[in-house]
Amino acid sequence: MSPRHTNIKPLRMKSSELSIFKRLKEFCIPQRKFSEYEERIVSSAERLLRLYPLCTLQDIYKSFFQDRFGPGHLITDEGSVSDFLDRELDNIRVSQMPDLEYTGWEHNFIRVHLRLVKNNIIPRNELLRAFIESANSAQLPSIDEWKKEWKETEKIIRNRYPDLFLSDKSGKDITALLDSGQFAMHHSAVFDSSYCPHYRIIATSVFNNQLKQYLTLPSW
């Protein structure tokens with residue numbers, strides 16, 4: 001079967017969104033030479049800010065969280081997961097999100113937008129199968145491991161852009177969540193209203209084995 005190319009279009013930014021993007025250089029204060037590991041974290045955060053100029057630290061957290069946890073939980077009731085997918089497909093909103101998007105900095109998972117199913121590019125049952133396999137095969141870190149990792153990740157991002165999130169209160173919400181022993185967060189309200197996310201998290205290895213045949217990965 002020949003791969004089918006998806007229609008990847010750059011997001012059109014409003015003037016208010018462009019102002020955030022243009023200020024990245026202004027906020028950047030490279031106080032020292034960053035390691036390769038730190039540069040990859042910063043690069044991934046910058047990629048998110050370019051894709052989603054209105055995103056908050058909460059949305060950056062979510063992408064990095066998904067890169068480590070995948071869908072975030074084991075799936076024991078496949079029927080409910082299937083029904084929820086169908087309900088979301090029936091109510092999918094027009095979205096500015098790309099068809100495919102790597103999570104975090106290690107790219108362990110890919111956000112696969114549901115328009116690819118709605119537009120009959122990826123078969124519905126194939127996406128569902130890949131999602132369930134991705135959820136049930138994910139190696140989840142402990143809450144303490146993740147808490148330590150995110151703390152270091154946030155520190156690296158803030159060291160590069162110390163003033164970027166001064167008015168963003170979601171950092172405190174993330175800390176409170178982790179202190180309570182929880183770790184999963186929704187997208188921020190501004191992200192949800194601006195970008196209308198409808199996707200499933202698929203392990204990169206599962207995507208390559210099961211879904212890549214239906215389309216071509218864009219370059220990031």
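This is a short talk on the predicted model of one protein chain, from its overall make-up to a few single residues.

The model is predicted, so local features need pLDDT of at least 70 and side-chain atom pairs count only at pLDDT 80 or more, while totals for chains, interfaces and linings use all residues. Residues are numbered from 1 along each chain as its sequence is written, and side-chain values use heavy atoms, with hydrogens and water left out.

Confidence comes next. The mean pLDDT (the predictor's confidence in each residue, from 0 to 100) of the chain is 86, and 83% of its residues reach 70 or more. Residues 1–18 have pLDDT below 50, yet beyond near neighbours in sequence this stretch makes 34 contacts in the model. A contact means heavy atoms within 4.5 Å. Where pLDDT is low, the predicted coordinates should not be read in detail.

Now the fold. The chain has 11 helices and three strands; these are DSSP runs, H or I of at least four residues for helices and E of at least two for strands, numbered from the N terminus. From that end the order is α-α-α-α-α-β-β-α-α-α-α-α-β-α. Of the 220 residues, 50% are buried, where buried means under 20% relative accessible area, exposed over 50% and partly exposed in between, with a 1.4 Å probe and protein chains only. Among contacts between residues at least 6 apart in sequence, 83% join residues at least 24 apart.

Helix 3 covers residues 36–51, and its 16 residues should span 22 Å at 1.5 Å a residue; the end C-alpha atoms are 22 Å apart, which agrees. The expected span is 1.5 Å times one less than the number of residues.

In helix 9, residues 170–179, the buried positions are Ser170, Gly171, Ile174, Leu177 and Leu178. Seen down the axis of helix 9, they fall within an arc of 125 degrees, so they line one face of the helix; the arc is that of the directions from the helix axis to the C-beta atoms. Those buried residues pack against helix 4 (57–69) and helix 8 (143–160). After helix 9 comes Gly181, with a positive phi near 90 degrees.

On to the largest pocket, with a volume of about 700 Å³. Its lining has 23 residues, of which Lys62, Gln66, His186, Tyr199 and Arg200 lie nearest the centre. Helix 4, helix 5 (78–90) and strand 3 (199–203) are the elements that give two or more residues to that lining. Helix 5 gives the most, with four. For the method: on a 1 Å grid over the protein atoms alone, a pocket is an open set of points with protein on both sides within 12 Å along at least five of seven lines, and lining residues have an atom within 4 Å of a point. Grid points are joined across faces, edges and corners, and the volume is the space filled by probe spheres set on the points.

Last, single residues. Leu211 sits in helix 11 (residues 204–211) and is buried at 0% relative accessibility.

Most residues other than glycine have a negative phi. His107, in the loop between strand 1 (100–102) and strand 2 (109–113), has a positive phi near 60 degrees and is partly exposed at 27%. Asn120 also has a positive phi, about 60 degrees; Asn120 is exposed at 61%.

Note on methods: 1 Å grid on protein atoms, 1.4 Å probe; cavity = no way out; pocket = protein on both sides within 12 Å on 5 of 7 lines; lining within 4 Å.
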